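Walk through this structure with the coordinates open.

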Amino acid sequence: MDISKAPNPRKLQLCRTYLMTGFAFLPFVWAINVCWFFDEAFRKPPYPEQSQIKRYVIYSAIGTLLWLIALTTWIIIFQTNRADWGATADYMSFIIPLGSP
Amino acid sequence: MTLPEFFGCTLLAFGPPFSLFVFTIANDPVRIIILIAAAFFWLLSLLLSSLLWFAVVPLQDVLAFGVVFSVLFQECFRYIIYRILRSTEQGLHAVAEDTRVTENKHILAYVSGLGFGIISGMFALVNVLADMAGPGTMGLKGGTELFFITSAAQALAIILLHTFWSIIFFNAFDTNNYLHIAYVMGSHLFVSLLTLLNADAHYWATLLPSYIVTVLTGVLAFKVAGGSARSAKRFIMCQ
Amino acid sequence: MANLKTTPLWLLLLLQVIIVRGERTRDTMYQPILGASCFRRLNGTHQTGCSSTHSGSVGVLHLINYDADLDFLLGNPPSPPYAPMIPPHLFTRSNLLRLKEAGPKIISAVLLINKSEKMQQFSHELSCPNKYSGIGRGGNSSETCDESNTALTWNPWGTGLLHEDFPFPIYYIADFDEILKLENCFTKFNSVNFDSQALRSLCAVEVKAFMSAAVNSEVCMRRTNFINNLGGSKYCDPLEGRNVYATLYPRNSSEFIDETKLRKSNPAEKFIIISCRLDTTSMFDGVGVGAMDSLTGLATLTIVAHMLRQLLPDQNTLPDPHRNVLFVAFNGESYDFIGSQRFVYDMENLNFPRRSAQSTPISFENIEFMLDIGTLDDIRNIRLHTLHKSSTVAQKLLQQLNRYAKSSLYDFQLNIGSNAGYNMPPTSAQSFLRRDDNFPAFILNALPSNKYYHSIYDDRDNVGFMYANTSQDYTALTDVSDFKNFNANSLQMKIRNVSSIVAMVLYETLTGRQYEYKDVANPVLSDEFFYCFLQSSDCPLFKASSNPDSPPGLPLPPMRYISVLGGSQESSGWTYRMLGYLLSQPQPQVLKENCTQLPLFYYSGFNGTGECRLTTQNYTHALSPAFLINNYNWSSGQYSTWTESTWSQFSARIFLRPSKMHEITILSIGIVVFIISFCLIYIISSRWEVLFDDVPASNAAFPPPTNC
């Protein structure tokens, strides 16, 4: 849908729904929220709902960032220690590489 | 062929056509459609030539026979696409956002020629590339390691030639210039038959005349499309 | 085929005509090299063997003629990685470890070429084979075999490379034509000028031998059995095969299949076990017949069995009518006694023979003694090994053996010594002694003199076998003076002698009477036996011991490596039929139609006419108990833990590897052309109107477009 054609309360509602959905361990929804509403929040001329949208977008951005950091950290830890963790790491994996520890 | 070789050859053969596509085709949906339609017609000509090759069993080993008929089929389909484009001009004008497509006849010719060229270049090279994936290069049992780069250069020449040929060919039919039509057919046949020399690894004997023909055809196409020595000079002098 | 046909068509249409004779372009770039590859095996704690990288290891060929040639590769080579071609005499532990140390960046593959003129020895087994699974007080194996003292090892020439892990593939090329291809390619492209190698395209080889398993058996078995293993991919398989056993007399102690009842052995039954090893191994897949290291033992066992069958009267006429002889050929003994460990485990659990065999189980109480035939490198000088000097059975056996060996009646020219104590050879008896060191197990073993133990070169040349192809009857015994035209020093005669002695001793043990006849084993049987196992499975003896309707064997020797589930299991199959045939009794009254159910079997027979015989042979499973026990402690060393990694293919091919220079040139040409065209076309398209300002001629021919 074309967000610029929607009425302002509808925008706010959408932005809020995306923020809430993101709490269900769905960081990509937050990331989409940030991209989608970035212009609305920061570039458009001010309108009453904008401050609220702005806040939601910032929250989503923070959430995305936290997820990004957490996931990156975990992936680095897991990949560097997978061989050492032995069976535990195997049980956590779905795809075990061939021919390597 | 190793990875650097692969990228080198791909960039050489498809770099210029890609640039052409980016700057002259990509921003106009109508041109993209025409490009793909032209490519489709080239594929049809390929299909016909293969059927013929398949049917005429005794001549399957005589490459020259296949080459001649393949050239004829390609030119036939170039004519067919010319007829189609000219008859849909009105409709195109209605849907096109950029009216230059229909105002300047040569743009249609150029776009369909590029479509012809890209698809034929792709078929020429992709098969060679795919068949030779792996860590080696040419030369274990004869052949030279320049094989890949000459193949790529040849493919580039073919792509450019098809573009030029289409411009000349379309214009020749518009103006009933039979000399130009004969030139297109003749040079196409000449370049195609030249590649038969590759069988004996005379790469330079193929490549050099091909590029001479390419340059000549390019100049002719430039003239046909409305260019002249004067305008070229003006262009270079940045006036 | 469709591909081959359409390719020239495409190329033709695409005006890339380089192929004229329907030959694919890639065939001119690559040339396959036939050979055998080394692969990865794993035990409870380590991985051994080799693996290539996932896409195949590529290295520049380099021929090694002298040790010094390696210095060129290990110094600062101009165009790494390399693939040295090494003849067997330079395939030594120190050289291989140097190559391993250099790492896969310098050495990416090793080719072993079959130029064996200068070879003196070639054994890559440990100098103490199976040293982690033998007997030894307190788990100390140095008593049975002392690595620090060559005289006390069982394979003094062993380098132990079979138990090393290599980061590169090792590929063995046996065929001289293939070696010539490699050498020609090397001389044509590589050895022209070594200093300028970095600037040239060089002849290189790509070896594909990627192994899925890693670390050790515990890890790869866990991953294979893993519940998350979505693709169902296998990482490794346990080494697994079949032991073959047969009794001299058919057992008449049937048991009904009743799963609910505990099985009980029959205490009246008495067995003498005669055993040997069925398998062998080598570093390379599918090569190695193990002529000296284990085939001599199997031959002896087979001929002893046949001779006893011919000599002995009916079981009821023996002094003890419950005595019987159990012949067992153990499989997988090269890998920590897989077969015998499982046999002992089954016997302990009253699970031998299996329930499906419908006979009462045999327990250790039923075993009178065990005579294990080990490696008979020098068949003239054999020793009888016992753990305890005081064993009266052993003393009696030794005395009997020597009496027949030295008897002037036969003139066997054989010397049988004795050896008591822990210095026991690595044979199946160790599995029995490990469970109970008072078990009456004795080993017939010669002093080690096999320089090619467990290697690809332990072939018929190593035992000096020449097939006589006599076409004579091998099913009857012969007079001791009838050599059947064999040289007294030939392998056939030596095997005849040792088998005859053992059979005579068993005859005396069973009947209580000395053997006084002049009939001895037939050297023709030994001739046929070795022909089948060393040269061709399509041989008279195997033909005689199959059903007349079954297809003949392949004209290759049967594979004798234990392999894994679903492996060929050729050697156990042939041994099963052959032992069954030689130990069976003819049943002339049974018609062919009724001769379909075991123990009756319809054999082709010596002259191929077909005969029904009453057989006694069977299989038992040779899979280490480690894979049966839940939560087995893999590093405990109690049972064999060997597994074999899975792989998808073995292949090697040679081609020209472009030099870095060439690659960079082509890449730069591509990039430069691309960038120039990009800029040029940008400029042209932005100032398009300037270039084509003239009114196009063709436009005039058309009416201007109408506005809609």
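This is a predicted model: local features need pLDDT of at least 70, side-chain atom pairs count only at pLDDT 80 or more; totals for chains, interfaces and linings use all residues.

**Domains, helices and chain contacts**

Where domains 2 and 3 of chain C meet, 12 residues of domain 2 are in contact with 12 residues of domain 3. The domain 2 side of that contact has 7 nonpolar and 5 polar residues, with no charged ones.

Next, look at a helix pair in chain C. Two packed helices are described by the angle between their axes and the distance between the axes. For helix α9 (residues 392-406) and helix α12 (residues 491-511) of chain C, the angle is about 125 degrees and the axes lie 9 Å apart. Angles of 65 to 115 degrees count as roughly perpendicular and those over 145 as roughly antiparallel. The pair α9(C) and α12(C) is therefore oblique. The crossing of α9(C) and α12(C) is right-handed. On α9(C), the contact is made by C:L397, C:Q400, C:L401, C:Y404 and C:A405. On α12(C), C:I501, C:M504, C:V505 and C:E508 make it. By class, this helix contact has 7 nonpolar residues, 1 polar and 1 charged.

Chain C has some backbone details to check. A cis peptide bond joins C:P80 and C:P81, with omega of about 0 degrees. C:P81 sits in the loop between α3 (67-74) and β6 (82-86) of chain C. A cis peptide bond also joins C:L598 and C:P599, where omega is about 10 degrees. C:P599 belongs to the loop between β21 (585-586) and β22 (600-603) of chain C. C:N469 is not a glycine, yet it has a positive phi of about 50 degrees. Find C:N469 in the loop between α11 (460-463) and β19 (478-479) of chain C.

Now step out to the partners. Which chains share the most contacts? Of the 2 pairs of chains in contact, that is chains B and C. Here 66 residues of chain B are in contact with 55 residues of chain C. Several chain B helices each supply at least two residues to the chain B side, including α2 (29-55), α3 (63-87) and α7 (147-175). The helix that gives the most to this side is α1(B), with 14 residues. The chain B side divides into 27 nonpolar, 32 polar and 7 charged residues.

Chain A touches chain C too. That contact takes 12 residues from chain C and 9 residues from chain A. The chain C side has 6 nonpolar, 4 polar and 2 charged residues. Chain A and chain B do not touch, and their nearest C-alpha atoms are 21 Å apart.

Finally, turn to the annotated spans. In an unreviewed entry, UniProt lists residues 17-36 and 56-77 of chain A as "transmembrane region". Residues 17-36 of chain A are 80% helix and 0% strand, with end C-alpha atoms 13 Å apart. Residues 56-77 of chain A are 100% helix and 0% strand, with end C-alpha atoms 31 Å apart.

For chain B, the UniProt listing (unreviewed entry) under "transmembrane region" includes residues 32-56 and 177-197. Residues 32-56 of chain B are 96% helix and 0% strand, and their end C-alpha atoms are 36 Å apart. Residues 177-197 of chain B are 81% helix and 0% strand, with 32 Å between the end C-alpha atoms.

Note on methods
Residues are numbered from 1 along each chain as its sequence is written. Chains are lettered from A and ligands numbered from 1 in the order in which they are written. Two residues are in contact if their C-beta atoms, placed from the backbone, lie within 7 Å. Ala, Val, Leu, Ile, Met, Phe, Trp, Tyr, Cys and Pro count as nonpolar, Asp, Glu, Lys and Arg as charged, and the others, Gly among them, as polar. UniProt positions are given in the numbering used here, feature names are shortened, and annotations may be inferred rather than shown by experiment. Helices (H or I, at least four residues) and strands (E, at least two) are DSSP runs, numbered from the N terminus. Axes are lines fitted to C-alpha atoms, for helices over the stretch in contact, and angles run from 0 to 180 degrees between N-to-C directions. Angles under 35 degrees count as roughly parallel, over 145 as roughly antiparallel, 65 to 115 as roughly perpendicular and the rest as oblique. A crossing is left-handed if the near helix is turned anticlockwise from the far one by less than a right angle, and right-handed if clockwise.
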